[in-house]
Amino acid sequence: MLPFKKYSPFYYLALFYIAVSLILRIVLIVHPITQASFQWYEILKIFTFGIISDFLVFIMASAFLWIYLLFLSNSKFDKPWGYIIFGLLCALLGYITFFDTILNEYGGVMPTLGIGFIALKTGLFGLLLFAKKYRAKIRLALYSVTIFLFVLIIIQNAVSEYFFWNEFGVRYNFIAVDYLVYTNTVIGNIMESYPVVPLFTGIGIAAVAITTLIVIKSKAVLQKLPSFIDKLKYSGVYLGLFLISLFALPQLTKLQNSQNIYTNELASNGVYRFYLAFMNSELDYFKFYKTLPEKDAFAILEQQIPNLNGKNTLRQIQNNGTENHKNVVLITIESYSADYMKAYGNKENLTPFLDSLANKSLMFTNLYAVGNRTVRGLEAVTLSLPPAAGESIVKREDNKDKFSTGSIFKQRGYDVKYLYGGDAFFDNMEDFFSGNGYDIVDEKTFKPNEITFKNIWGVCDEDMFNKAIKVMNAEAKANKPFFNHIMTVSNHRPYTYPNDKIDIPGDLKSREGAVKYTDFAIKKFFEKAAKEPWFANTVFVILADHCASSSGKTELPLDKYRIPAMIYGADFIQPQKFTPMMSQIDVMPTLFGLLNFAYQSKFYGQDVLKPSYKPRALIATYQNLGLIKDNILTIISPVRQSKQFQLTLAPKSGVGRDFQLYYDQKPLAKERLDLINETISYYQTQSSLLKDKKYQKTLFVAPKISYVP
């Protein structure tokens, strides 16, 4: 049973796990998404740290195997102990089946799982007790199943890590935790995106073959079970290794601090990264990040946002002229990178309609998304504040009654809705938007005859926009202005959409096709909307939620945050290009300025058309919080770390100056403390306001103004 003995399953499983992890690292290094070259010492670091991490993780994960082997015994079946234990198991099974237990307090599937586990344990114990003649064969079969499960998990995890890297260019992170929570949607996505049957068939065949080999090599462990004293000795050795792993793994992770983010990702262990993401879904800013005295943090923020007063962001927004209560339709497009548009250098003609519409709109050419998840984009345009450290506010428990875009419209008597082609339960969207005064229109509200095509993410974009037309027609009849926030879904893996709509078949599962189909669907929406009486009195805001990919050589690669955005209003919005840098959080405050809204604001986002605006952008992952300003990217990270990079434009030929996407990011030679403090001021004050519940909606009521449909 000792891990180092060659007949032990620990020995063979450890070799197998390390070998699979080694092969996986090699595959990920040469993967096209790994956009980096490595020095020899980085390669050495990747494999040295990687193998050590894999071994430590295996020691900890094999605790379940250790417990299983620890309880292998023949003496427990001897009279009378065997019958006593079997009787106790039967009594326990009866108790949890017919009486209320702690499992019932948890509800859900917990009672069923508990009953199933005890029933299985009782049945197997009874089988081994009463079928003594076949006990060795039964035990070998159970042992084989146990080894098979370990082998299957190892292979399945490697395959999952590959596909996760293929999608995001990183090891497991918050997204993987989310995927575990929303299992049904994610499994459906996998089923529609990949050749699941041959893939899992291959995994199953490989798992059976490896299991057979390990069982043949290690089944001697069952022939002479160790004594109680031997088990104590072996347990001492294993527990020692376990404690060493428990201490060493976090320390090893701290050494993964290369400037090349791919080196850190490849040197790490995916399973441990998943554990860290699961345990740190919310990060206490004041515990993990650099801070300033609260008074100083707000004083620095006041230099960036005019008219602040005290330790809050509440201020009065004034605009010249009468408020214009036009209808507003906000369309956030799933995974829509700037480089899909012609202006940014794309030559595939993927977005002909939006390319054309941009020339008729107020187009923001230099706008950055705050994050790389849909919930981050929704958070930005709804709450207009810097991205929160850890999990998005959309997914937090304290996500309701916030000062929001919707609350500004509500004050003016608007109908406020969130329209989503999928199930708004996903990513906690329904809870967030309904908790902030939005009515929800999602897939659950569709009638069967309103759905022409759907995949695991929901109905196709055409169906969603057709539903939106019906909703807006009904709203217009009520003689009230409306604000409708529409979130698209078609530009998402598995990238399926109706055939015969564009020149790329929908069943080809092409990302480029999905982008082009979404553009097609928006075109059809505008064509239909233009025939409705409310169209001329409606302003359309169109932007992406985030880019199609977030992976890059650095923690925050700028080109992976650049998104297109435009505001269109026939005979209302003057076509122009706004070229200074801005953030996703600035879009809606800018719209309010165009509508001449006068209101009390708590927004961090600003009207970029006002002379007081100072160009900057805020971008982040769940841990790295960044500020782009003065051609410098400042990043603050746990544990109270900061980095700064000089940004040097790497121009692409044939692309206009205002549409260049790529920058070289090199460590700053001399620290800019003022920018570090400014970065801290944005994120610290935001965390403070949320923590103290000072970002709740205001009670200000705007004067009633007549609405012209």
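This is a predicted model: local features need pLDDT of at least 70, side-chain atom pairs count only at pLDDT 80 or more; totals for chains, interfaces and linings use all residues.
Student: Let's start with H7. At what angle does it pack against H10, and how far apart are the axes?

Tutor: Helix H7 covers residues 135-168 and helix H10 covers residues 196-218. They pack at an angle of about 135°, and their axes are 8 Å apart.

Student: What do we call that arrangement of H7 and H10?

Tutor: The two helices are oblique to each other, because angles over 145 degrees would count as roughly antiparallel and 65 to 115 as roughly perpendicular.

Student: Is the crossing left-handed or right-handed?

Tutor: H7 passes H10 in a right-handed crossing. On the H7 side, the contact residues include Leu 140, Tyr 143, Ile 147, Val 151 and Phe 163. On the H10 side, Leu 199, Phe 200, Gly 204, Ile 210 and Ser 218 are among them.

Student: How many of those contact residues are nonpolar, polar and charged?

Tutor: The contact of H7 with H10 has 18 nonpolar residues, 5 polar ones and no charged ones.

Student: Now H1. At what angle does it cross H7?

Tutor: Helix H1, residues 9-30, crosses H7 at roughly 15°, and the axes come within 10 Å. H1 and H7 are therefore roughly parallel to each other. Their crossing is right-handed.

Student: Which residues meet there?

Tutor: From H1 the residues are Pro 9, Leu 13, Phe 16, Tyr 17, Val 20, Leu 24, Val 27 and Leu 28. In H7 they meet residues including Tyr 143, Ile 147, Phe 150, Glu 161 and Trp 165. By class, this contact has 17 nonpolar residues, no polar ones and 1 charged one.

Student: And H3 with H7, parallel or antiparallel?

Tutor: H3 and H7 are roughly antiparallel to each other. Their axes cross at roughly 175° and come within 11 Å. Phe 64, Leu 65, Tyr 68 and Leu 69 of H3 make the contact with Arg 139, Leu 142, Tyr 143, Thr 146, Ile 147 and Phe 150 of H7. The classes here are 8 nonpolar, 1 polar and 1 charged.

Student: Why do residues three or four places apart in a helix point the same way?

Tutor: An α-helix has 3.6 residues a turn, so residues at that spacing point the same way.

Student: Back to H1. What does Ile 18 touch, apart from its neighbours in sequence?

Tutor: Ile 18 lies in H1. Leaving aside neighbours within four places in sequence, Ile 18 is in contact with Ile 51, Asp 54 and Phe 55.

Student: How far apart are Lys 254 and Leu 308?

Tutor: Lys 254 and Leu 308 are 54 residues apart in sequence, and 39 Å separates their C-alpha atoms. Lys 254 belongs to helix H11, residues 228-254. Its relative accessible area is 58%, so Lys 254 is exposed.

Student: New topic: where are the cis peptide bonds?

Tutor: The bond from Lys 79 to Pro 80 is cis, with omega near -5°. Pro 80 lies in the loop between H3 and H4. The bond from Arg 493 to Pro 494 is also cis, with omega near 20°. Pro 494 lies in the loop between strand S8 and helix H21.

Student: What about Asp 500, buried or exposed?

Tutor: Asp 500 counts as exposed, because its relative accessibility is 77%. Asp 500 is found in the loop between S8 and H21. Its phi is positive, near 65°, although the residue is not glycine.

Student: And what is phi for Asp 401?

Tutor: Phi of Asp 401 is near 55°, again a positive value in a residue other than glycine. Asp 401 sits in the loop between H17 and H18. With 36% relative accessibility, Asp 401 counts as partly exposed.

Student: Last one, H23. What span should it have?

Tutor: Helix H23 has 19 residues, 673-691, and at 1.5 Å a residue these should span 27 Å. The end C-alpha atoms of H23 are 26 Å apart, which agrees.

Student: How many H23 residues are buried?

Tutor: 16 of the 19 are buried, so H23 is largely enclosed by the rest of the structure. Lys 693 follows H23 and has a positive phi, near 55°.

Notes: Residues are numbered from 1 along each chain as its sequence is written. Side-chain values use heavy atoms; hydrogens and water are left out. Helices (H or I, at least four residues) and strands (E, at least two) are DSSP runs, numbered from the N terminus. The expected span of a helix is 1.5 Å times one less than its number of residues. Buried means under 20% relative accessible area, exposed over 50%, partly exposed in between (1.4 Å probe, protein chains only). Axes are lines fitted to C-alpha atoms, for helices over the stretch in contact, and angles run from 0 to 180 degrees between N-to-C directions. Angles under 35 degrees count as roughly parallel, over 145 as roughly antiparallel, 65 to 115 as roughly perpendicular and the rest as oblique. A crossing is left-handed if the near helix is turned anticlockwise from the far one by less than a right angle, and right-handed if clockwise. Contact means heavy atoms within 4.5 Å. Ala, Val, Leu, Ile, Met, Phe, Trp, Tyr, Cys and Pro count as nonpolar, Asp, Glu, Lys and Arg as charged, and the others, Gly among them, as polar.
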